[in-house]
Amino acid sequence: MSDVLGALMGPGAFFDDHTFRMAFFGTAVIGLVAGALGSFAYLRKQSLISDVISHSALPGTLGAFLLAVVVLEVDGRNMAVLMLGAVVAGTLAVGLAQYVTRATKLSIDAAMAITLSLFFGAGMLLMRIISNGAYPGKGGIQDYLFGNASVITKADLIASISVGTAALVLMVVFWKEITLRTFDPDHSTVLGFHARAIDALMFITIVIAIVIGVKAVGLVLMVAFVVTPPSAARQWTRTLPAMVVLSGIIGGLGSGLGAYLSIAVGGVPTGPLIVLTLFAFLVLSLLLAPGRSLITRARGRTRHRRILLRQLVAEREAHIEPQGSTTLPGAGQS
Amino acid sequence: MIACQTSGLSVAYHTEPVLRNVDFSVSAGAVMGIVGPNGAGKSTLIKAMLGLVTPLTGTSEFFGQSLSRVRQRVGYMPQFTSVDWDFPTTVRDVVLMGTYGRLGWLRRPGRAEKETAATAMAQTGITDLARRQIGELSGGQRQRVFLARALAQEPDLFFMDEPFQGIDAKSQRAIVSVLHRLRQAGKTVVIVHHDLATVQDFCTHVTLLNQTVVSCGPVDEAFTSEHLRHAYRVGDTEQGFFEPDNSRGPRVEVAP
């Protein structure tokens with residue numbers, strides 16, 4: 001045991017290394033933004049929309065890459081171009097899923113699954129086209145599938161921070177409208193707020209949160225960054241502002257911690273370890289959070305049932321006492 | 001003065017018609033009960049008028065204008081089952097949402113809005129619950145939260161969808177007393193209601209609905225045994241069906 005602990009890298013050595021620092025802060029920013037904004041997808045009961053978005057980011061990013069290299073003849077690794085492509089594709093995918101739900105008899109879960117696989121299929125096709133062709137700067141495109149936190153550069157980090165901040169600012173500016181529609185969509189419409197406008201705003205912020213994470217985390221695991229922190233935060237909080245803040249903190253801390261552990265242990269991929277860390281946060285929250293804890297609720301239920309049983313036995317005894325009978329069959333068991 | 005009216009309103013879910021050519025109007029100051037059996041299209045009528053369901057045909061007017069011009073004068077209290085009561089928010093915050101319409105985009109609620117919300121909570125007797133998380137409320141308390149939210153909007157015309165569903169006696173009294181106060185203040189109320197026995201307690205007017213309008217008018221004219229049997233498709237000879245008690249005259253004063 002002490003060998004394992006001894007092999008762990010201390011925080012000092014960790015933060016001295018530029019790559020490690022970038023991995024830590026890069027994933028922490030992704031976790032914070034995705035955690036905070038994921039709260040709204042969670043409360044709309046559309047957490048899986050994040051999976052649709054992350055999968056559609058693949059054709060978006062690769063399409064933008066091809067467009068940049070072949071048509072515009074600029075550097076295909078330009079972050080702004082790639083992010084823009086992913087945002088456009090992600091927004092289209094969300095719009096398509098919602099349109100299919102509105103226009104057909106398909107339910108939202110089927111619509112999301114169809115959209116997800118459609119965009120992902122297109123993305124895999126583009127990936128094959130790119131890897132077969134001689135395009136400059138195509139190295140690292142496979143990172144979008146499973147992610148690679150060790151390739152986060154300072155420019156990437158700055159891009160994540162600025163775009164993520166923009167998404168959080170949108171959330172704060174339109175807080176009132178987004179909250180109103182998330183809680184009671186019909187009421188928001190009757191009060192005169194344009195439903196599609198609010199939805200567009202809300203989903204664009206979620207798209208941004210996901211797009212900044214795909215390269216470092218991978219599109220397959222990105223959903224955990226959007227779903228797990230809000231699920232954990234919900235257990236501890238009673239108001240929406242508290243939930244969003246705590247979800248952001250859990251997302252940021254969990255991601256940073258997961259990145260640190262993956263590097264400190266060595267040879268373990270970052271994305272998966274972050275997902276496991278976030279999951280640990282969720283399990284602790286489900287077990288320990290006051291009021292909603294699985295443990296205290298189960299205990300409370302047992303206690304209430306025991307009290308009820310005692311009352312029933314007492315009532316029954318009081319009722320049949322004149323006949324001299326004593327106990328209810330099976331009353332001794334609990 | 002007509003508070004709201006709709007003409008030729010038809011709604012279909014997919015191909016199944018729910019409402020057929022409904023003509024409906026409510027004069028200002030009335031408490032109009034919309035009564036009919038399950039599946040009669042009572043909630044759909046309200047939702048179609050408010051633009052929450054798109055009608056096949058028909059138009060609706062509020063105070064002689066289209067809804068988009070007078071939205072702030074029209075309040076809506078949906079069925080309390082229409083939202084997720086596990087949503088992380090407090091009673092006070094939900095009631096405050098009633099003021100969001102008049103604030104419009106971007107403006108945040110200030111002191112005036114908070115005072116309005118506090119008054120609405122006092123009127124419905126939920127001031128003590130202000131800090132509660134909405135999931136901790138009973139059915140009746142939830143209805144009162146929704147009523148307070150509608151009051152906080154300060155509209156002239158209220159649409160209420162089954163406000164007495166699943167509630168305790170105390171909440172029922174609180175809601176009835178608000179209804180009486182609204183009527184005294186000259187407000188108009190359109191209320192979907194399913195309990196025939198209490199219709200005459202607070203409605204001045206009744207619309208009997210079963211996909212089409214069976215009758216519409218003051219209680220003593222529209223809420224008759226004959227119309228009720230028609231609306232509920234009960235034969236004339238069947239015994240034991242509800243008989244409205246019109247012998248004492250209307251229990252609520254009908255606005256002129």
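Cys216(B) counts as partly exposed at 37% relative accessibility, a label for values between buried (under 20% relative accessible area) and exposed (over 50%), found with a 1.4 Å probe and protein chains only. This is a predicted model, in which local features need pLDDT of at least 70 and side-chain atom pairs count only at pLDDT 80 or more, while totals for chains, interfaces and linings use all residues. Residues are numbered from 1 along each chain as its sequence is written, chains are lettered from A and ligands numbered from 1 in the order in which they are written, and side-chain values use heavy atoms, with hydrogens and water left out.

The sulfur of Cys216(B) lies 9.9 Å from the closest cysteine sulfur, in Cys4(B), which is too far for a bond. Cys203(B), by contrast, is buried, with a relative accessible area of 2%, and its closest cysteine sulfur, in Cys216(B), is 12 Å away, again too far for a bond. A disulfide is a pair of cysteine sulfur atoms within 2.5 Å, and by this rule the count over all chains is zero.

Turning to the fold, chain B has nine helices and nine strands, taken as DSSP runs numbered from the N terminus (helices H or I, at least four residues; strands E, at least two). Strand β1 (residues 2-13) and strand β2 (residues 16-27) of chain B pair in the antiparallel sense over eight bridges, where pairing requires that DSSP finds at least two bridges. Ile2(B) stands opposite Ser27(B) in β2(B), and the two strands form a hairpin with two residues between them, where His14(B) in the turn has a positive phi of about 55 degrees.
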